[in-house]
Amino acid sequence: MPTEIVLPAVVAFGLLWLVPFVVDVGEYYLGLGTLALIFVIAGLGWNVLGGLVGQISFGHAVFFGTGAYITARAAGAGVPFAAALVMGAATAAVYGVLWGYPTLRLRGPYFAIATIGVGEATRIAMLNLESFTGGASGLQVHTGQTSAFGDYQLALLLAILAFVAHVVVQRSKFGVGLSAIRGDVDAASDVGVDPARYQVFALATSAALVALAGGWYARVQKFIEPNDVFGFELSVALILIPLIGGLGTLWGPVLGAFVYIVVQETLQANLSAALSLGIYGALVVTIILVEPLGLVGAGRRVRRAVRRR
Amino acid sequence: MPLLELEGVTRRFGGLVAVDDVSAVVEEGEIFGVIGPNGAGKTTLFSMIAGSLRPTAGKIRLEGHDLAGRPAHRVVRHGITRTHQVVKPFLNLTAAENVEVGLLFGNRRVDDRRGEAVALLERCGLGAVADRVPGELTLSQRKRLEIARALGTGPRVLLLDEVVAGLNPQESVGLVELIRELNREGVTILMIEHVMKAIMGLADRILVLDGGALLAQGTPRAVSRDPAVVEAYLGRRAAKALEDGGGRDA
């Protein structure tokens with residue numbers, strides 16, 4: 001890994017590690033930090049498909065929900081939590097392959113529409129599968145003894161893992177194939193990239209990371225509910241995060257997740273839910289018009305301007 | 001054994017027969033032209049050879065090995081690749097990175113991909129724009145980039161779909177020269193072309209398609225004299241002009 005990635009990563013994740021030791025942030029902000037890290041993981045996961053391949057999914061909550069429920073159920077049945085997380089990620093990857101195989105040959109808006117269908121169908125199915133999900137009344141998650149501080153630290157470790165996975169994907173032959181597919185799917189196959197296989201792999205990787213986030217979410221929330229973890233709002237949030245930070249970039253989902261959580265908390269505390277959705281809409285339009293590469297794009301512009309001086 | 005052999009290649013789209021029972025033989029080292037009116041099935045034929053379209057019937061043999069129906073990304077590994085009529089560069093990658101994709105996924109094992117990509121770009125007259133993205137290149141440069149990327153896969157057979165079309169006379173002369181050089185270096189070339197001057201001067205043999213079916217096949221001179229070809233495609237005056245300008249006999 002080149003220093004231009006390692007150095008800022010060590011600084012950023014190092015600070016996130018140290019801050020709670022140095023400052024007494026309190027349980028509320030520690031919880032908020034954990035939630036932000038969960039969305040870092042999920043955002044990086046979404047970005048593997050949406051950013052690197054350019055297939056915009058409006059249904060990634062299905063992986064978050066799958067991760068949350070499988071992890072919660074497995075942990076509840078006595079499986080060690082780490083193994084439960086892996087089970088959640090693996091199940092989500094398999095689910096991704098199942099619906100990705102037929103849908104990934106669609107492109108652009110057609111794929112996006114298909115993902116809305118998959119997302120909503122899954123949510124409704126899960127809502128009705130009461131024996132497994134608890135239906136509309138949700139599921140209590142049994143995690144044993146946990147601490148806000150420990151959960152934060154472990155979430156940070158998982159976020160670093162997701163970050164490294166994203167870098168490895170991006171810089172491998174696999175990643176080159178994905179960016180070729182993003183450029184032009186026909187031309188990609190003319191030079192030897194197998195678009196079907198690569199896209200399904202990307203979706204499986206993406207699904208596993210998002211499910212990891214979902215599993216950790218179940219642990220820290222202690223309570224999950226299909227309308228929340230499989231919900232369309234969550235799918236939209238998973239798009240907003242990389243979009244705010246910078247679609248297809250490595251740092252985009254990391255920055256976007258923190259911005260999202262801060263905005264979300266501020267809005268929820270002060271405004272109605274409907275109004276906050278409106279504000280997100282305005283935010284998205286502004287980003288797309290002003291700086292399609294989000295915060296990362298804005299940062300690059302500033303850096304170029306400074307260099308020119 | 002011929003390098004590439006088409007036997008009864010057919011493609012139907014519903015009731016329409018886009019390519020109808022076409023057979024042809026391409027020898028190693030040839031420049032083989034494919035001409036015909038719009039809708040004659042030229043690009044469909046190329047798509048089937050390159051693997052982006054499955055033939056309804058027929059065989060496509062490379063050195064006797066049937067590749068018909070194999071997907072494009074597999075056909076590339078046997079040494080057949082194509083360029084597109086409407087260029088399809090990876091807009092999100094620089095020119096050098098475009099070529100590197102071909103080097104990474106194609107037919108060749110290259111240690112210094114970056115170096116080889118730049119060398120291929122230089123070979124195609126694009127050395128100066130290696131770090132530019134395709135959006136900043138002219139059409140002529142993007143057509144050359146398409147060729148450089150295809151060369152990166154290490155093709156034995158290169159299918160060029162109207163590379164000269166849309167270029168000004170000076171640019172087309174340069175591109176025709178490049179194609180001739182690549183051919184001399186050992187790449188067998190199949191090319192679709194509407195620019196008659198380009199193809200008549202370049203091709204060793206020409207196949208004429210009309211309504212999906214093979215209308216004529218032979219040297220440029222023989223084809224341009226063929227009454228059926230004149231009737232269906234060239235028109236009398238153009239045929240006369242070509243005759244006077246002189247195609248090249250094999």
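Helix α1 of chain B, residues 42-50, is mostly covered, with nine of its nine residues buried in this predicted model. A residue counts as buried if 20 or more other C-beta atoms lie within 10 Å of its own, as exposed if 12 or fewer do, and as partly exposed in between, with C-beta atoms placed from the backbone. Helices (H or I, at least four residues) and strands (E, at least two) are DSSP runs, numbered from the N terminus. The buried residues of α1(B) include Lys42(B), Thr43(B), Leu45(B), Phe46(B) and Ile49(B). Just after α1(B), Gly51(B) takes a positive phi of about 95 degrees.

Residues are numbered from 1 along each chain as its sequence is written, and chains are lettered from A and ligands numbered from 1 in the order in which they are written. In this predicted model, local features need pLDDT of at least 70, side-chain atom pairs count only at pLDDT 80 or more, and totals for chains, interfaces and linings use all residues.

The model scores ipTM 0.89 and pTM 0.91. Chain B has a mean pLDDT of 91; pLDDT is the predictor's confidence in each residue, from 0 to 100. Of the residues of chain B, 96% reach 70 or more. Where pLDDT is low, the predicted coordinates should not be read in detail.

Strands β1 (residues 4-13) and β2 (residues 16-26) of chain B pair in the antiparallel sense over seven bridges. Pairing requires that DSSP finds at least two bridges between two strands. Arg12(B) has Val17(B) as its bridge partner in β2(B). The two strands form a hairpin with two residues between them. Gly14(B), in the turn, has a positive phi of about 60 degrees. Glu162(B) also has a positive phi, near 50 degrees, in a residue other than glycine. Glu162(B) lies in the loop between β7 (157-161) and α6 (169-184) of chain B. Glu162(B) is buried because 20 other C-beta atoms lie within 10 Å.

Chain A has 15 helices and two strands. Its C-alpha atoms fill a box of roughly 50 × 50 × 40 Å along the principal axes. The radius of gyration of chain A is 19 Å, which agrees with the value near 19 Å for a compact globule of 309 residues. This radius is taken over C-alpha atoms, and the globule rule is 2.2 Å times the number of residues to the power 0.38. Buried residues make up 47% of chain A.

The largest nonpolar core has 168 residues. Such a core is a set of buried Ala, Val, Leu, Ile, Met, Phe, Trp, Tyr and Cys residues joined through C-beta atoms within 7 Å. Ile41(A) and Leu212(A) have the most contacts inside this core. Helix α10 (residues 195-221) of chain A gives the most to the core, with 15 residues. Two residues are in contact if their C-beta atoms, placed from the backbone, lie within 7 Å. Beyond its neighbours within four places in sequence, Leu212(A) contacts residues including Ile41(A), Gly67(A) and Leu85(A).

Lys222(A) lies in the loop between α10 and β2 (223-224) of chain A. Lys222(A) has a positive phi of about 65 degrees although it is not a glycine.

The contact between the chains takes 21 residues from chain B and 16 residues from chain A. α3(B) gives the most to the chain B side, with four residues.
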